[in-house]
Amino acid sequence: MTPQEIWDQINNFVMDTESDEAVCNTLLKLYYARKEDEAIKYIEDFFKCDNKTAEDTFNIFREKTGAPPSQEQIAHANAVAKELLNKPKCPICGSKNLSKYNSFGKALKMAKYGIFGMYDNGKTYICNNCGSKF
């Protein structure tokens with residue numbers, strides 16, 4: 001097999017029956033862990049090819065995949081994901097496009113409508129999509 005043919009199989013998610021995982025996922029884990037020699041050995045063993053073919057295949061893999069993420073990029077992605085998980089969503093439409101319902105607006109409503117303006121006092125957010133307050 002040529003390196004390109006091996007790459008095509010990797011790219012088509014050929015499964016490793018021993019680990020029950022796609023070969024590309026195993027290679028990604030090794031690549032991100034900076035274990036290139038192990039990745040090349042894995043290609044060599046899995047596809048039963050010579051070392052040169054495995055190296056060429058890994059070079060294609062590296063070229064197509066791009067550079068592994070830096071620790072700063074991983075930390076940033078984790079922070080963004082954590083923020084999204086903690087952000088509330090509208091109970092009516094499910095949107096996360098929300099604004100804080102400010103106290104100044106509440107106070108103006110109270111001044112204008114008196115006791116009838118108290119309806120919104122316990123509300124914290126306003127949905128920018130459907131307009132609901134909660």
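Helix 1 crosses helix 4 in a right-handed manner, a crossing being right-handed if the near helix is turned clockwise from the far one by less than a right angle, and left-handed if anticlockwise. Helices here are DSSP runs of H or I with at least four residues and strands are runs of E with at least two, both numbered from the N terminus. The model is a predicted one, in which local features need pLDDT of at least 70 and side-chain atom pairs count only at pLDDT 80 or more, whereas totals for chains, interfaces and linings use all residues. Residues are numbered from 1 along each chain as its sequence is written, and side-chain values use heavy atoms, with hydrogens and water left out.

Two packed helices are described by the angle between their axes and the distance between the axes. For helix 1 and helix 4 the packing angle is about 50°, and the axes lie 8 Å apart, where axes are lines fitted to C-alpha atoms, for helices over the stretch in contact, and angles run from 0 to 180 degrees between N-to-C directions. Helix 1 is therefore oblique to helix 4, given that angles under 35 degrees count as roughly parallel, over 145 as roughly antiparallel, 65 to 115 as roughly perpendicular and the rest as oblique. On the side of helix 1 the contact (heavy atoms within 4.5 Å) involves P3, Q4, I6, W7 and I10, and on the side of helix 4 it involves T53, D56, T57, I60, F61 and K64. Six of the residues in this contact are nonpolar, three are polar and two are charged; in this classification Ala, Val, Leu, Ile, Met, Phe, Trp, Tyr, Cys and Pro count as nonpolar, Asp, Glu, Lys and Arg as charged, and the others, Gly among them, as polar.

Within helix 4, T57 has a relative accessibility of 0% and so counts as buried, the classes being buried for under 20% relative accessible area, exposed for over 50% and partly exposed in between, with a 1.4 Å probe and protein chains only. When neighbours within four places in sequence are left aside, T57 is in contact with P3, I6, W7 and I10, and also with I43.

The crossing of helix 2 and helix 3 is right-handed, and the contact draws on V23, T26, L27, L30 and Y31 from helix 2 together with E36, E38, A39, Y42, I43, F46 and F47 from helix 3. By class, this contact of helix 2 with helix 3 comprises nine nonpolar residues, one polar residue and two charged residues.

Two residues of this contact can be followed individually. T26, which is found in helix 2, is buried at 14% relative accessibility, and, apart from its neighbours within four places in sequence, it touches S19, E21 and Y42. The C-alpha atoms of T26 and Y42 are separated by 8.8 Å, although the two residues stand 16 residues apart along the chain. E36, placed in helix 3, is partly exposed at 31% relative accessibility. Beyond four places in sequence, the contacts of E36 are with Y31, F58 and R62; E36 and R62 are 26 residues apart in sequence, with a C-alpha to C-alpha distance of 9.7 Å.

Most residues other than glycine have a negative phi, and most peptide bonds are trans.

For the chain as a whole, the secondary structure comprises six helices and four strands, which run in the order α-β-β-α-α-α-α-β-α-β from the N terminus. Of its 134 residues, 27% count as buried, and the chain exposes about 9300 Å², of which carbon and sulfur atoms supply 54%, with accessible areas taken from the Shrake-Rupley method with a 1.4 Å probe and, for residues, only the protein chains shown counting as cover. Among contacts between residues at least 6 apart in sequence, 53% join residues at least 24 apart.
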